[in-house]
Amino acid sequence: MALLDVFLSPKKSTANIAKERLQIIVAERRRYDSEPSYLPELRRDLLNVISKYIKVDPSTMSLQFEQKSDDITVLELNVTLPDDEIEYKP
């Protein structure tokens with residue numbers, strides 16, 4: 001029955017679609033507003049340190065800051081390493 005619901009469901013109005021998109025944009029904006037101001041500089045410094053040892057593409061690195069509660073903050077760093085043999089730079 002769920003398959004029929006997909007084809008027979010009424011179309012969403014453009015106003016509803018626009019409202020949903022705006023909610024996503026506002027949520028994304030709030031996420032970036034809550035990040036500390038030093039985060040871009042920290043990302044740049046971490047990339048410089050990692051680049052001393054491994055050749056990585058800067059676009060494959062992500063740094064996320066998340067406030068879990070009043071006393072718990074999580075800083076998550078993800079770096080995609082190259083598939084080929086890692087070049088170690090002494």
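Entry 1, the charged pair. I looked up lysine 68 and found a salt bridge with glutamate 66, the closest N and O atoms being 3.3 Å apart. The term requires a side-chain nitrogen of Lys or Arg within 4 Å of a carboxyl oxygen of Asp or Glu. By this rule I count 1 salt bridge. I note that side chains of opposite charge can pair when their charged atoms come close. Lysine 68 is exposed at a relative accessible area of 51%, while glutamate 66 is partly exposed at 40%. For these classes, buried is under 20% relative accessible area, exposed is over 50%, and partly exposed lies in between (1.4 Å probe, protein chains only).

The model is predicted, so I kept its rules: local features need pLDDT of at least 70 and side-chain atom pairs pLDDT 80 or more, while totals for chains, interfaces and linings use all residues. Residues are numbered from 1 along each chain as its sequence is written, and side-chain values use heavy atoms, without hydrogens and water.

I placed glutamine 67 in strand β1, residues 61-67. Helices (H or I, at least four residues) and strands (E, at least two) are DSSP runs numbered from the N terminus. Glutamine 67 is partly exposed, at 44% relative accessibility. Neighbours within four places in sequence aside, glutamine 67 is in contact with Ile72 and Thr73; contact means heavy atoms within 4.5 Å.

I listed the largest nonpolar core, which has 5 residues: Leu47, Ile50, Ile54, Val56 and Met61. Such a core is a set of buried Ala, Val, Leu, Ile, Met, Phe, Trp, Tyr and Cys residues joined through side-chain atoms within 4.5 Å. With neighbours within four places in sequence left aside, the contacts of methionine 61 include Arg43, Leu47 and Val79.

I found a nonpolar surface patch of Leu22, Ile25 and Val26, with about 270 Å² of accessible area together. Patch residues have over 30% relative accessible area and no salt bridge; like charges are joined within 9 Å, nonpolar side chains (Val, Leu, Ile, Met, Phe, Trp, Tyr) within 5 Å. Areas come from the Shrake-Rupley method with a 1.4 Å probe; for residues, only the protein chains shown count as cover. Valine 26 sits in helix α2, residues 14-33, and is partly exposed at 35%.

I recorded 3 helices and 2 strands, in the order α-α-α-β-β from the N terminus. Of the 90 residues, 11% count as buried. The protein exposes about 8000 Å², with 57% supplied by carbon and sulfur atoms.
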